[in-house]
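This report walks through selected features of the model shown below. Keep the sequence and the structure side by side while reading.

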Amino acid sequence: MEDRLSIAGEDLLTITGLTKAYPGVVANDQVSFSIRPGEVHALLGENGAGKSTLVKMIYGLVKPDAGSMVLKGVPYSPAEPRAARAAGVAMVFQHFSLFEALNVAENIALGMENPPKMRDLAARIREVSQNYGLPLDPDQMVGDLSAGERQRVEIIRCLLQNPKLLIMDEPTSVLTPQEVSVLFQTLEKLRGEGCSILYISHKLEEIRALCDHATILRLGQKVATCNPRQETARAMAEMMVGEALHVPQKAPRIPQDVALEIDQLDVPARAAFGTSLKGISLSVQKGEILGIGGVAGNGQDELCSVLSGEALTAAEQVKLAGTPIGDLGPNARRALGLLAAPEERLGHAAAPDMSLTENALLSGAVREGLEHNGMIDWGKTRDFAQKIIHRFDVRTPSANTAARALSGGNLQKFVVGREILQNPSALVINQPTWGVDASAAAAIRQALLDLAAEGAAIVVISQDLDELMEISDRFAALNEGRLSAPVETSDLDVEKIGLMLGGASDTKAEQVSA
Amino acid sequence: MDLSAISPTLLLASLMVAATPILLAALGELIVEKSGVLNLGVEGMMITGAICGFAIAVETGSPVVGFIAAAAGGAVLSLIFGFLTQYLLSNQVATGLALTLFGLGLSSLMGQSYVGIRPPAIEKLNLGPLADIPLLGPVLFNHDLMVYLTLALCVGIWATLKFTRAGLILRAVGENHDAAHALGYKVVKVRLLAIMFGGACAGLGGAYLSLIRVPQWTEGMTAGAGWIALAIVVFASWRPLRVLLGAYLFGGVTVLQLNLQAAGLAIPVEYLSMSPYLITIVVLVIMSAPRKGGKSRASLAAPACLGRAFHASQ
């Protein structure tokens with residue numbers, strides 16, 4: 001990579017010695033690298049390696065403690081995002097950057113310095129979005145859009161500013177394979193126009209396909225640069241972790257009795273932007289992992305809550321080992337051995353302002369016997385929390401830390417571990433490794449495989465198709481509240497799965513015209 | 001009982017006057033809530049405005065200066081709330097309730113020497129031939145300037161929220177403060193300005209009571225008008241023109257019950273006095289009832305960040 005050290009003047013953005021410390025942790029320590037015009041530059045690292053802080057400094061959201069940046073040969077130190085945008089730096093956020101109750105044009109106007117009149121803006125949105133193969137209706141409410149369409153809104157918002165550098169934070173985590181390929185065509189087109197892209201992702205195969213260079217961060221320091229096209233995904237994962245990577249192994253399985261089944265279930269949508277479930281039937285055997293794929297918002301949350309007991313149905317419609325449980329609440333189901341870990345970590349799977357110990361109690365009270373006659377056995381609860389922290393390598397100052405204070409990946413390990421350690425006979429888990437780095441994700445997947453090997457029936461709902469291919473025995477696709485017939489995973493490849501997800505018909509129109 | 005003593009023309013005319021203070025306070029609170037802040041201190045800011053306006057109008061002899069002082073008084077009181085909730089991140093509900101209690105006490109203290117005094121009179125606006133139109137003239141065109149300014153404010157707020165960038169930013173901050181922050185908008189600054197605007201409007205509403213509607217100073221004279229204003233914002237699903245409707249509805253019921261009392265309806269007076277409040281509760285329950293598909297109409301329209309503290313950590 002010696003050629004990377006060429007004259008700074010040739011580079012679009014040069015970063016030298018950027019350092020940012022928060023109380024108790026150095027998020028970035030003397031990070032230096034540079035981005036050339038028209039290249040796709042990957043930023044890799046585990047959860048908490050300092051990627052987010054770094055891009056926030058480039059985008060002017062966070063002020064560096066030390067170090068300097070040079071953009072197009074001019075010193076660059078944005079005091080706020082507005083200044084960054086004015087200098088030609090735009091960012092597509094992973095989440096919380098859109099306003100659901102506002103329409104597409106209003107959302108885009110909010111991200112612009114001097115937006116034109118709404119009518120002119122709407123026309124420009126139509127034009128630019130068609131141009132880049134990302135069609136959008138400016139008058140639609142963002143709350144009604146799919147995750148992929150929402151991302152288009154963010155991308156168009158950036159493109160209208162003619163950026164020189166586009167920062168993308170985990171852009172593909174919510175997309176179907178077809179949507180990913182549409183996105184990649186757009187990015188290729190942008191690159192062709194001379195725009196540089198700083199690309200953050202956990203999906204190493206994508207980075208290998210798309211990126212020209214990669215900078216790897218570990219614990220806030222730059223540890224390596226590489227050309228992703230010449231490396232294997234595994235090699236890059238090991239550079240991120242700094243040690244050899246464990247790959248989960250799936251053992252062959254013998255057919256057994258059905259543990260968990262749903263029979264012809266219809267559930268109307270509960271929330272305004274929710275999805276109704278239509279004619280869902282599924283059955284999972286003991287020791288089997290059923291993978292349910294699909295883009296978020298196609299009924300995943302609804303299906304998860306029907307299985308967990310948050311949404312009740314007729315008793316006969318959900319059965320655990322032949323026992324009707326459709327009318328039982330979550331605690332009654334836990335007592336019978338059916339546990340669930342919902343997708344949203346903060347606020348659904350864990351109470352944000354309660355400690356890990358208290359959060360362990362909330363779900364573990366029934367099966368672990370943490371309370372007697374209404375009195376809490378704190379000693380036992382602390383032991384249970386410690387066991388989770390120890391077994392699942394949850395990095396936290398102590399078990400008394402509030403759930404909110406943990407990084408997403410660490411809290412995810414805690415939430416998943418909490419359910420697995422209760423020895424469920426059936427486990428429903430929604431997005432087990434969302435936002436979790438490669439090594440932690442491998443650990444969670446291995447734990448799920450181990451649990452299945454001990455005879456538990458597991459339903460894994462995920463948008464990560466590689467993950468489902470890796471661990472599930474059978475695969476079914478959830479699309480607009482309908483569940484496809486399950487297929488043996490060994491008969492599938494990612495291409496076929498993408499078609500099962502129902503993306504085939506509506507992606508044709510979205511191919512880039514150029 | 002003599003219902004014929006009730007003149008529909010006078011009833012409608014006094015409805016507009018009765019609704020004005022609530023409308024002012026509700027419009028202010030609408031802006032506050034649109035920015036994502038729930039200020040339950042409307043009652044306290046109203047009554048502080050009532051005494052500030054009254055005292056200054058009496059001292060200077062000018063009602064206009066009185067109204068300006070009322071707006072300033074309400075805004076200053078709301079700044080206490082703003083500082084506590086936006087910088088010290090105190091709980092908005094508790095702080096708002098405390099602000100109401102504080103405002104009631106403060107106004108009593110300030111108003112001790114003003115009890116029983118008449119404020120300078122305020123002329124009705126002379127609209128010339130318009131006021132002579134039969135029926136419409138007395139109902140619509142025979143009021144003081146504040147009535148019309150309040151109506152203009154209502155339309156102005158509607159247009160600002162719908163058509164201007166400032167309105168868009170205000171809605172964005174109330175809808176998703178994290179996103180607004182990430183895009184570089186000053187969430188706390190926007191909210192503080194909204195809170196001050198709400199305080200000023202509530203102060204004006206209070207002064208309208210003490211200078212025009214009643215007109216004199218008595219302790220606790222707002223008598224729950226601030227709470228009704230809060231309820232009307234929910235009733236209106238956070239829409240300015242519906243706030244107008246709600247305020248006129250409440251004003252109408254208030255005026256009607258006063259007229260019925262005067263006409264000697266054979267119902268205890270207390271029932272009539274409580275009727276506007278009862279009707280408000282009934283309307284709120286209907287508005288908040290779950291619709292098909294889950295959420296209530298009211299909760300759908302509520303700004304998503306309403307009542308949530310914002311701190312720019314990370």
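## A salt bridge between chains

A:Glu80 and B:Lys186 form a salt bridge, with 3.0 Å between the closest N and O atoms. The pair crosses from chain A to chain B. A:Glu80 sits in the loop between strand 5 (74–75) and helix 2 (81–86) of chain A. B:Lys186 sits in the loop between helix 8 and helix 9 (187–213) of chain B. The model is predicted.

How exposed are the two partners? A:Glu80 is partly exposed, at a relative accessible area of 24%. B:Lys186 is also partly exposed, at 47%.

## The interface of chain B and chain A

Two salt bridges are counted between chain B and chain A. Eight residue pairs are in polar contact across this interface, both residues being at pLDDT 80 or more. On chain B, helix 7 (165–175) and helix 8 (177–182) each supply at least two residues of the side that touches chain A. Helix 7 of chain B gives the most to that side, with six residues. By type, the residues on the chain B side divide into nine nonpolar, six polar and six charged.

How many residues of each chain are in contact? The contact involves 21 residues of chain B and 30 residues of chain A. The size of an interface is often given as the accessible area lost when the parts come together. Between chain B and chain A, the buried area is about 1,900 Å². Carbon and sulfur atoms give 60% of it.

## Domains of chain A

Chain A is divided into domain 1 (13–241) and domain 2 (258–345 + 424–513). Taken over C-alpha atoms, the centres of domain 1 and domain 2 of chain A are 31 Å apart.

## Strand 1 and A:Thr19

A:Thr19 has its place in strand 1 (residues 13–22) of chain A. Is A:Thr19 buried or exposed? A:Thr19 is buried, because its relative accessible area is 15%, under the 20% cut-off.

A polar atom of the A:Thr19 side chain lies 3.1 Å from the backbone nitrogen of A:Gln30. Beyond its neighbours within four places in sequence, A:Thr19 is in contact with several residues, among them A:Asn28, A:Asp29 and A:Gln30. A:Met57, A:Pro64, A:Asp65 and A:Ala66 are in contact with A:Thr19 too.

## Helix 1 of chain A

Helix 1 (residues 51–58) of chain A is largely enclosed by the rest of the structure, because six of its eight residues are buried. The buried residues are A:Lys51, A:Thr53, A:Leu54, A:Val55, A:Met57 and A:Ile58. A:Met57 is also one of the contacts of A:Thr19.

What follows the helix? Just after helix 1 of chain A, A:Gly60 takes a positive phi of about 80°.

## Salt bridges within chain A

Over all chains, the structure holds 18 salt bridges. One of them joins A:Lys319 and A:Glu316, with the closest N and O atoms 3.8 Å apart. A:Lys319 is partly exposed, with a relative accessible area of 24%. A:Glu316 counts as partly exposed at 49%.

A:Asp393 and A:Arg395 meet through their side chains in a salt bridge of 3.3 Å, N to O. A:Asp393 is partly exposed, at a relative accessible area of 39%. Elsewhere, A:Glu188, A:Arg191, A:Asp212 and A:Arg229 are joined into one network by salt bridges that share partners.

Notes. Residues are numbered from 1 along each chain as its sequence is written. Chains are lettered from A and ligands numbered from 1 in the order in which they are written. This is a predicted model: local features need pLDDT of at least 70, side-chain atom pairs count only at pLDDT 80 or more; totals for chains, interfaces and linings use all residues. Side-chain values use heavy atoms; hydrogens and water are left out. Helices (H or I, at least four residues) and strands (E, at least two) are DSSP runs, numbered from the N terminus. Buried means under 20% relative accessible area, exposed over 50%, partly exposed in between (1.4 Å probe, protein chains only). A polar contact is a pair of N or O atoms within 3.5 Å; within protein, one must be able to donate a hydrogen and the other to accept it, and residues adjacent in sequence count only if both atoms are side-chain atoms. Contact means heavy atoms within 4.5 Å. Buried area is the accessible area (1.4 Å probe) that two parts lose on being put together, summed over both. A salt bridge is a side-chain nitrogen of Lys or Arg within 4 Å of a carboxyl oxygen of Asp or Glu. Ala, Val, Leu, Ile, Met, Phe, Trp, Tyr, Cys and Pro count as nonpolar, Asp, Glu, Lys and Arg as charged, and the others, Gly among them, as polar. Domain bounds come from an automatic or database domain assignment.
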